[in-house]
Amino acid sequence: MAAAISFSVPTPHGDRPLTLGYERAGAGEPLLLLHGIGHHWQAWEPVMGILAAERDVIAVDLPGFGTSSALPDGVPYDLSTVNTVLGGFCRELGVERPHVAGNSLGGLLALELGREKQVRSVTALSPAGFWSEAERVWAFGTLRAMRLGARTLPDPLIGRLSRSVAGRAALVSTIYARPGLRSPEAAAAETRALRGATGFARTLAAGGNVLFTDDVPDVPVTIAWGTRDRLLLHRQGVRAKRVIPGARLVRLPGCGHVPMNDDPALVARVLLDGSR
C-alpha cells in the first residue's frame, strides 16, 4: 500500500522535516528496495508481487525523487547523508537491519549500507561506482540527455508516445532492453518522474567523484548485471567482483540497465536468493 512517512533530519541550521514516499507489501524478513537516479519506487513494480510472497517488501522513493521531498538546503546528496536518511526511515517503520536491493544509484547505496553493516544482505543490480572515467562521462551525459528530453517533451506528447511500442522505445529504451514490455502508464509515469525529480541535479553532481573501492566483508553480497545494459556497461561487473571478491556475480541475459521489467522472474529469483 502506497504511503508516506515524515521525520526530522539534521542540517547545519537545526533539524528539518523530510517526507519519504514508499510502497510496502508482503510478509517475512524485510527487504528494502532502492531505485536509480531519476526513477521512483515503481521501477520495482514488475517484481513486487513475486517478492511479497516471501518478504516484507519496502520500496522507497529516494529523497528528491518520486513523491519524496528533496533534502533540505545545505544537506549534501552524498552517500553518507542519503544512507543516514534511509536508516532513519527504517527506524520510523520499526525495521532493523533489512535485506537491501538496489539498482544503479540504489545499488551503490545498498553496497554502502552493507559496508557499514547496516543490512543483512546486499543485492546490487548494475550498481554505480565501478566505472572508468570515460564510462562515467558517458553515463552522466546520457542521464543529462534523458532528463533534458523528459523536461522538453510536452505532457500530452508523453502520453501519446507511451501508447505505442515505438513511442515507449523512444521514451525508455536507454534503460530497458525490452521497452515494449513496459506498460504505457508506467512509461509515461517514469518519464514524468524524471522530469520532476527535484533531487536529480544535486545527486548527479554528488556522484561526479564517486568510486566504490572497499570490500564488503561479513555481509552476503550479490552483484547482477544485464548483458544489454547501455548505461553502465556489463564489464563493470568484473571490476565490482575484483573490489568485492566474496560477492556472487550474476549475469542477466537480455536485460538492460533496469532489469526488473525486462525479466521479472529472473530478477525476482536473484533478489530472493540474495536475501536468503
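**Exercise 1.** In this predicted model, determine the handedness of the crossing of α1 and α11, and describe the geometry and the contact of the two helices.

*Solution.* The crossing of α1 and α11 is right-handed. On the α1 side, the contact is made by Pro46, Val47, Ile50 and Leu51. On the α11 side, Pro264, Ala265, Val267, Ala268, Leu271 and Leu272 take part. Sorted by class, this contact has 10 nonpolar residues, with no polar and no charged ones. As for geometry, the axes of α1 (residues 45-52) and α11 (residues 264-274) come within 9 Å and cross at roughly 50°. That angle makes α1 oblique to α11.

**Exercise 2.** Locate serine 104 and lysine 117, and decide whether each is buried or partly exposed.

*Solution.* Serine 104 is found in the loop between β5 (99-103) and α3 (105-115). Its phi is near 65°, a positive value in a residue other than glycine. Serine 104 has 9% relative accessibility and therefore counts as buried, the cut-off being under 20%. Lysine 117 lies in the loop between α3 and β6 (122-125), and phi of lysine 117 is near 60°, also positive. At 35% relative accessibility, lysine 117 counts as partly exposed.

Note on methods:
Residues are numbered from 1 along each chain as its sequence is written. This is a predicted model: local features need pLDDT of at least 70, side-chain atom pairs count only at pLDDT 80 or more; totals for chains, interfaces and linings use all residues. Side-chain values use heavy atoms; hydrogens and water are left out. Axes are lines fitted to C-alpha atoms, for helices over the stretch in contact, and angles run from 0 to 180 degrees between N-to-C directions. Helices (H or I, at least four residues) and strands (E, at least two) are DSSP runs, numbered from the N terminus. Angles under 35 degrees count as roughly parallel, over 145 as roughly antiparallel, 65 to 115 as roughly perpendicular and the rest as oblique. A crossing is left-handed if the near helix is turned anticlockwise from the far one by less than a right angle, and right-handed if clockwise. Contact means heavy atoms within 4.5 Å. Ala, Val, Leu, Ile, Met, Phe, Trp, Tyr, Cys and Pro count as nonpolar, Asp, Glu, Lys and Arg as charged, and the others, Gly among them, as polar. Buried means under 20% relative accessible area, exposed over 50%, partly exposed in between (1.4 Å probe, protein chains only).
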